[in-house]
Amino acid sequence: MELITGPLSIQTSFRVSLPHDLFASLILIESSERLAGVSEWITRAAATMPKALAAETRAMVGFLRYCPAAWGHLATGIPASHLAHTDFDAWLKLLQARPAKSYRALALEALRRELIRQGVTAPAMAKAADLRRAVAEYNTRRAAE
């Protein structure tokens, strides 16, 4: 007995999205040492990236990895018709229009989830001393791995 009686109809569409392309590229560049067979431009970009920018890229990619809500906040939550998909200045304006406390909340949530995942007691409050202590313990555990 066939469940589908007519021809299948699959629609596929593609659209350009500057934020998606930017993050995908940064993730590939950040991961280049751990990936085999990546394009030469990726390994070249990773090798020539200034140290400070490479450190910031690692921090951001780690943040995106452990806080999926940030990906939505920074890229996937942009309306399809928004200029931010094709205009860098429009994307920056969109990001700047959001309150700084929303980015802080995302970062703290990402940190809390990762601490819990690593078995570190996450601080209940966002006090700087408690956060530093938790991050130090987290870094010690990661270094031991």
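Arg141 counts as partly exposed, because its relative accessibility is 34%; with a 1.4 Å probe and protein chains only, buried means under 20% relative accessible area, exposed means over 50%, and partly exposed is what lies in between. This is a predicted model, where local features need pLDDT of at least 70, side-chain atom pairs count only at pLDDT 80 or more, and totals for chains, interfaces and linings use all residues. Residues are numbered from 1 along each chain as its sequence is written, and side-chain values use heavy atoms, with hydrogens and water left out.

- Arg141 sits in helix 7; helices (H or I, at least four residues) are DSSP runs numbered from the N terminus, as are strands (E, at least two).
- Which residues does Arg141 contact once its neighbours within four places in sequence are left aside? They are Gln118, Gly119 and Val120, with contact meaning heavy atoms within 4.5 Å.
- Gln118 is 23 residues from Arg141 along the chain, and their C-alpha atoms are separated by 7.9 Å.
- Arg113 belongs to helix 6 and is partly exposed, with a relative accessible area of 42%.
- Between the C-alpha atoms of Arg113 and Glu145 there are 19 Å, and along the chain the two are 32 residues apart.

**Helix 6 against helix 7**

- Helix 6 (residues 100-117) packs on helix 7 (residues 128-144) at an angle of about 45 degrees, and their axes are 11 Å apart. Axes here are lines fitted to C-alpha atoms, for helices over the stretch in contact, and angles run from 0 to 180 degrees between N-to-C directions.
- That angle makes helix 6 oblique to helix 7: under 35 degrees would count as roughly parallel, over 145 as roughly antiparallel, 65 to 115 as roughly perpendicular, and the rest as oblique.
- The crossing of helix 6 past helix 7 is left-handed, a label for a near helix turned anticlockwise from the far one by less than a right angle (clockwise would be right-handed).
- On the helix 6 side, Leu108, Leu111, Glu114, Leu115 and Arg117 do the touching, and they meet Leu131, Ala134, Val135, Tyr138 and Arg142 of helix 7.
- Sorted by class, this contact between helix 6 and helix 7 has seven nonpolar, three charged and no polar residues. For the classes, Ala, Val, Leu, Ile, Met, Phe, Trp, Tyr, Cys and Pro are nonpolar, Asp, Glu, Lys and Arg are charged, and the others, Gly among them, are polar.

**Helix 1 against helix 2**

- Helix 1 and helix 2 (residues 40-48) cross at roughly 75 degrees, and their axes come within 8 Å. The two helices are therefore roughly perpendicular to each other.
- Ser25, Leu28 and Ile29 of helix 1 meet Trp41, Ile42, Ala45 and Ala46 of helix 2. By class, the contact has six nonpolar, one polar and no charged residues.
- Ser32 is in the loop between helix 1 and helix 2. Buried or exposed? Ser32 is buried, with a relative accessible area of 9%.
- Not counting residues up to four places away in sequence, Ser32 touches Ile42 and Ala46.

**Aromatic rings**

- How many aromatic pairs does the structure hold? There are two, where rings of Phe, Tyr and Trp (its six-membered ring) pair if their centres lie within 6.5 Å, with planes under 30 degrees apart counted as stacked, over 60 as edge-to-face and the rest as tilted.
- Phe23 and Trp91 form an edge-to-face pair, because their ring planes stand at 80 degrees, with the centres 5.9 Å apart.
- This pair links distant parts of the chain: Phe23 is in helix 1 (residues 18-31) and Trp91 in helix 5 (residues 88-97), 68 residues apart.
- Both Phe23 and Trp91 are buried, and together with Phe88 they form one aromatic cluster.
- Leu22, in helix 1, contacts Phe88 and Trp91 when its neighbours within four places in sequence are left aside. Leu22 counts as partly exposed, at 29% relative accessibility.
- The C-alpha atoms of Leu22 and Ala36 are separated by 21 Å, for residues 14 apart along the chain.

- Arg98 has its place in the loop between helix 5 and helix 6, and touches His73, Leu74 and Tyr103, not counting residues up to four places away in sequence.
- Arg98 and His73 are 25 residues apart along the chain, and their C-alpha atoms are separated by 9.5 Å.
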